[in-house]
Amino acid sequence: NPYWLEVQTKGISKGNALKKIMEMEDIHPSLAVAAGDGENDISLLQTCAYRVAMANAMPEVHKQANIHIGPFFTDSLPKWIQKNLLKQ
């Protein structure tokens, strides 16, 4: 998007924040899911084993993902989680 600018301190990212939370809660990356649609979500996706891109995601996000689902404004993420991660 030519009208979008995101500024943050060096070393600050969604991925670094999630890594910190996972360390505090003793969660292994192989058990973690991240979903995103914007380039600011790439570090988040790189932190988890399950890297979900929404259908409306930017091209670089799709390249990082190993799972592709419907757009963010549908219930595709909860449905994917229920189908693939929750024991029924």
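How many helices and strands does the secondary structure of the protein chain come to?

1. **Overall layout.** The answer is four helices and three strands, where helices (H or I, at least four residues) and strands (E, at least two) are DSSP runs numbered from the N terminus. Along the sequence they follow the pattern α-β-α-β-α-β-α. The C-alpha atoms fill a box of roughly 45 × 30 × 20 Å along the principal axes.

2. **What you are looking at.** This is a predicted model, in which local features need pLDDT of at least 70 and side-chain atom pairs count only at pLDDT 80 or more, while totals for chains, interfaces and linings use all residues. Residues are numbered from 1 along each chain as its sequence is written, and side-chain values use heavy atoms, with hydrogens and water left out.

3. Of the 88 residues in the protein chain, 26% are buried; buried means under 20% relative accessible area, exposed over 50%, and partly exposed in between (1.4 Å probe, protein chains only).

4. **A salt bridge across the chain.** The structure holds three salt bridges, each a side-chain nitrogen of Lys or Arg within 4 Å of a carboxyl oxygen of Asp or Glu. One of them joins the side chains of Asp41 and Lys14 (2.5 Å, N to O). This pair links distant parts of the chain, 27 residues apart: Asp41 sits in the loop between S1 and H2, and Lys14 in helix H1 (residues 14-25). Asp41 counts as buried at 5% relative accessibility, whereas Lys14 is partly exposed at 38%.

5. **A salt bridge within a helix.** Lys63 pairs with Glu60, their closest N and O atoms being 3.0 Å apart. The two residues are three apart in helix H3 (residues 59-64), so about one helical turn separates them. Lys63 is exposed, with a relative accessible area of 60%, and Glu60 is partly exposed at 33%.

6. **The remaining bridge.** Asp75 forms a salt bridge with Lys79, with 3.5 Å between the closest N and O atoms. Asp75 counts as partly exposed, at 40% relative accessibility.

7. **Aromatic rings.** A search of the whole structure finds two aromatic pairs. Phe72 and Phe73 have ring centres 5.5 Å apart and planes at 80 degrees, so they are edge-to-face. For such pairs, rings of Phe, Tyr and Trp (its six-membered ring) must have centres within 6.5 Å; planes under 30 degrees apart count as stacked, over 60 as edge-to-face and the rest as tilted. Both Phe72 and Phe73 are exposed.
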